[in-house]
Amino acid sequence: MTVLGFIGAGSMASAIMHGLVSSGTAGGDIIFSRRNADAGNQLATDLHARFTTDNSEVATVSHILVLAVKPYLVASILDEISSHLSPDTIVVSVAAGISLTDLAEHLPASQPIMRAMPNVNAHIGQSMTGLCANKYVTESAACQVRRMFEAIGQVADIPEELFSAFSAIAGCSPAWTYTYIDALARAALAEGMTKREAVRCAAQAVLGSAQMVLDALDTSVPAELVDRVTSPGGTTIAGLLAMEDAGFSPAVIAGVRAAVARDKE
């Protein structure tokens, strides 16, 4: 039995844990800690998982230890638990902006360390997770971590120097996509549709469009798919040009750049 430990059980960690259990991981194989005991006990009940307020207990028993706390807490948590880790425990950080080198400074020498950047869609098994590892992570250990994240969606191996860009387009972008869907729905609401129906229609259109891009990944780029649905003088091109005039693509690029800059800070 591989014990999966989580230190921190906020929105991201709980989404991962829910996704794991939904995909068949036994709740009893999961142990987690968090400061809010009431919330921790409720989550443990929901998942049939083990809960403790003692971070060191989680570190002691875990084969894979996911550190899911705010970036400013990472160093102090690692200092607290480092003496309780097995040399074979794989420490996996999901904190933005904390490098493998930064993590290693607070852990025993030769500790296997990985960074992971999942997104909140892990809750429904549709995360896009980026992974990178230090030199002490064996191929079999990396496969174990990969399988854990594959249980909640898709996985990509990302060079650490590109982690900031990945976190922007895969970690931050769900919030931007939700905003886009809501903007579509608000515009349709102004034209007379109900908000609920407008959200449903817009969300399904985004879902189908994303699947089209994935299905055509080896044969087409998204711009070619745009050309397929823009008729000369039609409504689609009229709307697209109006959106570009309002700064649609530059706004998206600016958002990615701002997220990358913040991550590097």
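The model is predicted, so local features need pLDDT of at least 70 and side-chain atom pairs count only at pLDDT 80 or more, while totals for chains, interfaces and linings use all residues. Residues are numbered from 1 along each chain as its sequence is written, and side-chain values use heavy atoms, with hydrogens and water left out. S22 belongs to helix α1; helices (H or I, at least four residues) and strands (E, at least two) are DSSP runs numbered from the N terminus. The S22 side chain comes within 2.9 Å of the backbone oxygen of H18, a polar contact being a pair of N or O atoms within 3.5 Å, one able to donate a hydrogen and the other to accept it within protein, with residues adjacent in sequence counted only if both atoms are side-chain atoms.

An unreviewed UniProt entry places the feature "binding site" at I7, G8, A9, G10, S11, M12, A68, V69, K70 and P71. From this set, I7, G8, A9, G10, S11, M12, A68, V69, K70 and P71 belong to the lining of the second largest pocket. A pocket is an open set of points on a 1 Å grid over the protein atoms alone, where a 1.4 Å probe fits and protein lies on both sides within 12 Å along at least five of seven lines; lining residues have an atom within 4 Å of a point. UniProt positions follow the numbering used here, feature names are shortened, and annotations may be inferred rather than shown by experiment.

**A9 and K70, two residues of the annotated site.** A9 sits in the loop between β1 (4–7) and α1 (11–22), and K70 in the loop between β4 (64–67) and α4. A9 is buried because its relative accessibility is 5%; K70 counts as exposed because the corresponding value is 55%. Residues up to four places away in sequence aside, A9 touches S14, M17, F32, S33, R34 and L43, contact meaning heavy atoms within 4.5 Å.

**T89, a buried loop residue.** T89 lies in the loop that joins α4 (74–81) to β5 (90–93). Its relative accessibility of 2% is why T89 counts as buried. A polar atom of the T89 side chain is 3.2 Å from the backbone oxygen of S62. Besides S62, the contacts of T89 beyond four places in sequence are H63, L65, Q111 and P112.

**T129 in strand β7.** T129 is located in strand β7 and counts as buried at 0% relative accessibility. Which residues contact T129, neighbours within four places in sequence left aside? They are A116, M117, P118, F149, Q154, V155, A156 and F166.

**Helix α7 and its bend.** Helix α7 has 28 residues (163–190); at 1.5 Å a residue these should span 40 Å, and the end C-alpha atoms are 40 Å apart, which agrees. The expected span is 1.5 Å times one less than the number of residues. At S173 the helix bends by about 60°, with a proline, P174, following within four residues; the bend is the angle between axes fitted to the seven residues ending at a residue and the seven starting there. Buried residues of α7 include F163, F166, A170, S173, P174 and I181. Among the elements covering the buried residues are β6 (113–117), β7 (127–133), α8 (195–215) and α11 (248–264). G192, with a positive phi near 120°, follows α7.

D263 is in helix α11 and, at 11% relative accessibility, counts as buried. The contacts of D263, apart from neighbours within four places in sequence, are A96, G97, S164 and S167. D263 and A168 are 95 residues apart along the chain, and their C-alpha atoms are separated by 8.4 Å. The unreviewed UniProt entry annotates residues 160–265 as "domain: Pyrroline-5-carboxylate reductase dimerisation". This span, 160–265, is 79% helix and 0% strand, with its end C-alpha atoms 15 Å apart.

How values were computed. Buried < 20%, exposed > 50% of the residue type's maximum accessible area, 1.4 Å probe, protein only.
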